[in-house]
Amino acid sequence: METLIPIINRLQEVFLTVGAEIIQLPQIVVVGSQSSGKSSVLESLVGCDFLPRGSGIVTRRPLVLQLVNVPPLEERRKQEHGNGTKANSQCSYPGIKAEEWGTFLHCKKQIFTNFSEIRKEIEEETERITNNKGISPEPIHLKIYSPNVLNLTLVDLPGITKVPVGDQPEDIETQVQEMILSFISNPNSLILCVSPANSDLATSDALKLAREVDPDGRRTLLVVSKLDLMDAGTDALEVLLGRVIPVRLGIIGVVNRSQHDLNTQKTVADACRDEQAFLQRHYPSLASRCGSRFLARTLSRLLMHHIRDCLPELKTRVTVLNAQYQARLSSYGEPVEDHSATLLQIVTKFATDYCNTIEGTARHIQTSELCGGARICYIFHETFGRTLQSIDPLGGLTELDILTAIRNATGPRPALFVPEVSFELLVKRQIKRLEEPSLRCVELVHEELQRIIQHCSSYSTQELLRFPKLHDSIVEVVTSLLRKRLPITNEMVHNLVAIELAYINTKHPDFTDAAQVSASVNSQQTESLDGKRWKNEKLPSEDKGPVPGFGSPAKAVNLLDTAVPISRKLSAREQRDCEVIQRLIKSYFLIVRKNIQDSVPKTVMHFLVNFVKERLQSELVGQLYKQPLLQELLIESQDTAQQRTEVSHMLEALKKANNIISEIRETHLW
């Protein structure tokens, strides 16, 4: 199971190269107040002085510290002489003649064998990003190889501070807390809280932050530092036994090196020996479960078990991301090599998707609203059909209009019969009302054909997003084609209405015979008058009010120069003539409306929809497939090229991660 930590370290390096933290890897995050002894604890784990020191906030960038256990130099030399130099050997590290050394991710090829140089590099790298005591969330990655360390991955964070000092920003406390929370919120991280023994544990800011993200304490370990600085007569026994604040993963006490020890250059090894002696004197019952060495073993054990628990989820996450990024890379397409073939492919695909959307066979079918052919069908049979059905055959015609038309048709002579000319004049006026909704139907279908362009651009043809100029050109060509067909279709629809107006076919099989209508009206009027005379004994001439139900709320224009008095009652003959004309108009109007309702959709389909479907591809090829335009049209957008590069690098990292994880066998987990 010891191999798990190096594997996680390798995964960390793989994902750092792509500059993204999409995978939450197991690691130990060190959290504590400013000057609580975090850096001293880390140095005791490594066994060397390598961290910057000073007053105030010294750690101003996260330090990701990977400790790698390597064989001693003598043993590595024996391996090299015994097995020959292996350039790729993970154990021998050929060419390195130092017992322990360190490397930084930002200067990979440089090997630091002097830990003072490591401290200097950390200080310089910190200053490069942060100025005037400010902080930055960008981490520094340090890898230390030593035979004196256990395999560990730790993150040292800036200490929690309350008051800005010097040139620090006013919101330094908020910045530090947000940075700490961003690391410890990772559910795969272990939280190492460092709290000094000479302060009340109940006021520990580190524990407070840990409780926010880990209320159960399942991944929190407490280190009580500075045990030797407690007031005389007091000890930390109750705290270390967990009787003050219980911590699930345990509480470990350590003794840090004092400033005097640092000034006298006391080594970490000597400090560890003095620490053990102090623990034996003051905490003999807990000496074996405290100290820096026990802390290192505990952290290594906890991290290995934690990695083992996180590994199944980690495998699943890498596999899922691999599939997602592979799909994204496919959607961006390959870099263009053959411009002619690429243009033809995109144009053909767009034309096919456009036609399929109209036919209803497209792959991307919307479920939120009607689109394409379905919407055109809805326009024909619901919108247009309902509009025509709502037109009143006698709308806008009053009895006064009808009588005026009859009189104008007879000239100076009184008419014996209802003149046919008055019927034609009035029915043409009604038929003319069908033209406006018919032209509106053409306009709605034209708008839907325009919408299909955007639909295909957004959902069906991902390649168009790669080439903005080609996309704009295709939209322009299709829009131009639709614009050219619109007046032609409108003209044909106008002609359909004009055809109906050109000849009023009173011999139509469905048209009611005028003689039958006249006889029917006469018989109804006779029965009505007889009934009134029998019931009221009044003459027909006494009751000549207008027949209800034939009027229209719309105000019509009076065609007479002198207005007929509205109060005048119609005679029986005038009533009969009006009703005959009204019935004939209604009968013939329904015939024409049925014809228009059937022929307008057919006209729109033939002259607009089907024409565009048949000519779209040839029009696109004819307008765009020109040698001078190829290079210009197939220029990729900068965003697409950059995203393809990023996704390609991420996919490569995920594949490496998959290979690293697949190296783990079940036997490694136990």
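These legends walk through several close-up views of one predicted protein model.

The model is predicted, so local features are described only at pLDDT of at least 70 and side-chain atom pairs only at pLDDT 80 or more, while totals for chains, interfaces and linings use all residues. Residues are numbered from 1 along each chain as its sequence is written, and side-chain values use heavy atoms, with hydrogens and water left out.

Figure 1. Helices (H or I, at least four residues) and strands (E, at least two) are DSSP runs, numbered from the N terminus. Of the 670 residues in the protein chain, 47% are buried. Here, buried means under 20% relative accessible area, exposed means over 50%, and partly exposed lies in between (1.4 Å probe, protein chains only). The accessible surface comes to about 34,600 Å², and carbon and sulfur atoms account for 52% of it. Such areas come from the Shrake-Rupley method with a 1.4 Å probe, and for residues only the protein chains shown count as cover. Among contacts between residues at least 6 apart in sequence, 82% join residues at least 24 apart; a contact means heavy atoms within 4.5 Å.

Figure 2. Two strands pair if DSSP finds at least two bridges between them. Look for Cys193, whose bridge partner in β7 is Leu222. To get from β6 to β7 the chain passes through helix α6 (residues 205–213), and this β-α-β crossover is right-handed. Right-handed means that, with the strands pointing away from the viewer, the path from the first strand over the helix to the second runs clockwise. In β8, Ile252 stands opposite Val223.

**Figure 3. Lys226, in the loop between β7 and α7 (237–240).** Most residues other than glycine have a negative phi. What is the phi of Lys226? The angle is near 55°, a positive value in a residue other than glycine. With a relative accessibility of 19%, Lys226 counts as buried.

**Figure 4. Salt bridges, including the pair of Arg61 and Glu125.** Side chains of opposite charge can pair when their charged atoms come close. A salt bridge is a side-chain nitrogen of Lys or Arg within 4 Å of a carboxyl oxygen of Asp or Glu, and by this rule the count comes to 22. Between Arg61 and Glu125 the N to O distance is 3.5 Å. This pair links distant parts of the chain, 64 residues apart: Arg61 is in the loop between α2 (38–46) and β2 (63–69), and Glu125 is in helix α4 (residues 115–129). Are these two residues buried or exposed? Both Arg61 and Glu125 are buried. Another salt bridge joins Lys266 and Asp274, at 2.3 Å from N to O. Salt bridges that share partners join Arg61, Glu125, Arg128 and Glu138 into one network.

**Figure 5. A salt bridge between Arg218 and Asp216.** The closest N and O atoms of this pair are 3.9 Å apart. Arg218 is exposed, with a relative accessible area of 56%, whereas Asp216, at 48%, is partly exposed.

**Figure 6. Aromatic pairs, of which the structure holds 4.** Rings of Phe, Tyr and Trp (its six-membered ring) pair if their centres lie within 6.5 Å; planes under 30 degrees apart count as stacked, over 60 as edge-to-face and the rest as tilted. One of the pairs is Phe350 and Tyr354, with centres 6.2 Å apart and planes at 35°, so the pair is tilted. These two residues are 4 apart in helix α11 (residues 339–359), a separation of about one helical turn. Both Phe350 and Tyr354 are buried. Phe423 and Tyr588 have ring centres 6.3 Å apart and planes at 85°, so this pair is edge-to-face. Phe423 lies in helix α14 (residues 420–431) and Tyr588 in helix α19 (residues 572–624), so the pair ties together parts that are 165 residues apart in sequence.
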